[in-house]
Amino acid sequence: MKEKLIMKNRGDHHQQQQSSRSFISQKWTLLLCIGSFCAGLLFTNRMWAVSDSKLITRPTFLESEGLKLVSEGCDLSKIKNVKRDPKEIFGEVSKTHQAIQTLDKTISSLEMELAAARSIQESIANGSPISEEDTRSSTEKRKYLMVVGVNTAFSSRKRRDSVRATWMPQGDKRKKLEEEKGIIMRFVIGHSATKGGILDRAIEAEDRKHGDFLRLDHVEGYLELSAKTKQYFATAVTMWDAEFYIKVDDDVHVNIATLGHTLVRHRKKKRVYIGCMKSGPVLAQKGVRYHEPEHWKFGESGNKYFRHATGQLYAISKDLATYISLNQHVLHKYANEDVSLGSWFIGLDVEHIDDRRLCCGTPPDCEWKAQAGNACVASFDWTCSGICRSVDRIKEVHRRCGEGENAVWAATF
């Protein structure tokens, strides 16, 4: 009995110990849960604070630039409200315009040098002689007002002599004209189909006597006038750095001083094409003069050409001559050279100048205009596309319509 009582007391004591341990375990569990929760809150708040601080302290590029300006003493709010003087704005615009013009001139100069290099390279490839003038850099060349190329043929010796006797100065006067007035004048001719033949030798002898020829690497022929015109401008712009390049026929009378005064009015224009503008019919019928083999390109029968300068005399600015030189291998040639020239400028930003003083008639027309104080640049007969019987009549035209020998020497361009 006593043993049973002892065992019972031990059982009760063991139960009490277990109950006490269970109670302690529940308390610690609760405390651990509460502690874990608090630690979680603390950790979470800390992470959000760090994340927010990173977002706040990372400014955008524009904000950085704004802060930089403010730190340098610039107030953005003041900049927005600043009212600038219109004169100051106009001055800045003018400076920008001048900078663009300077850049355009630089580009044109580089294009001309490229054209010169190409021309020299082609001449070397073709075995043509290269002169010292050809190899000289364009920046070293003298600046001229104009180059006047008088289109001529092997059979036109008398025409050339009549021009020399009237409006084209000779010898020392021609050289003086180049040096003092910046005017180059040359008869323009290529070579015969048999290069070095009797026709070429005759021109060489004439050139030794007068020294007023520009020889082209071109085979002469009436149907090749478009190719000759293209070759003339490409060669002239390579040899002489001029403001204008003129082509005129050898049966036309020209007043050089009046031509110079006419051109200088347009010297500030970049791309200018000056002449008597016309738009004649496209002739599809074979066998007629000025027949156009490619008439179908101009639309229906009876259509007219686009506006272009008549072929007796026209002038183009340096930029256009350079353009022809750079693109001569891809410029299309029509049957008529004046049409070809006009077609090369279609699609370009070119100003066409229609000046009727470049196509006056022979006396009495040019004489009346001269007496009225409106001297003509060029005179010829439309019916002959030049002065009819020019060898016999050009002296009379010069006497009645010429500006006088001293006009060019007294002129200031």
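Phe298, Tyr305, Phe306 and Tyr334 form one aromatic cluster, where rings of Phe, Tyr and Trp (its six-membered ring) pair if their centres lie within 6.5 Å, and planes under 30 degrees apart count as stacked, over 60 as edge-to-face and the rest as tilted. The model is predicted, with local features requiring pLDDT of at least 70 and side-chain atom pairs counting only at pLDDT 80 or more, whereas totals for chains, interfaces and linings use all residues. Residues are numbered from 1 along each chain as its sequence is written, and side-chain values use heavy atoms, with hydrogens and water left out.

By the ring criterion, the count comes to 9 aromatic pairs. The pair of Tyr232 and Phe233 is tilted, because the ring centres are 4.9 Å apart and the planes lie at 45 degrees. Tyr232 and Phe233 are both buried (under 20% relative accessible area; exposed is over 50% and partly exposed in between, with a 1.4 Å probe and protein chains only). Phe233 also pairs with Tyr314 in a tilted arrangement, with centres 6.4 Å apart and planes at 35 degrees. This second pair links distant parts of the chain, as Phe233 belongs to helix α9 (residues 225-239) and Tyr314 to strand β7, 81 residues apart. Helices (H or I, at least four residues) and strands (E, at least two) are DSSP runs numbered from the N terminus. Tyr314 has 0% relative accessibility and therefore counts as buried.

Seven strands make up an open sheet with mixed pairing, in the order β3-β2-β1-β4-β7-β6-β8; two strands pair if DSSP finds at least two bridges between them. Its edges are β3 (213-219) and β8 (351-354), each of which pairs on one side only. Strand β2 (residues 183-191) runs parallel to β3 and is joined to it by 4 bridges. Within this pairing, His191 has Val219 of β3 as its bridge partner.

Arg164 lies in helix α6 (residues 157-164) and, at 8% relative accessibility, counts as buried. The Arg164 side chain makes polar contacts with the side chains of Asp161 at 2.9 Å and Asp212 at 2.7 Å. A polar contact is a pair of N or O atoms within 3.5 Å; within protein, one must be able to donate a hydrogen and the other to accept it, and residues adjacent in sequence count only if both atoms are side-chain atoms. Leaving aside residues up to four places away in sequence, Arg164 touches Arg157, Gln170, Phe187, Glu206, His210, Asp212 and Phe213 (contact: heavy atoms within 4.5 Å).
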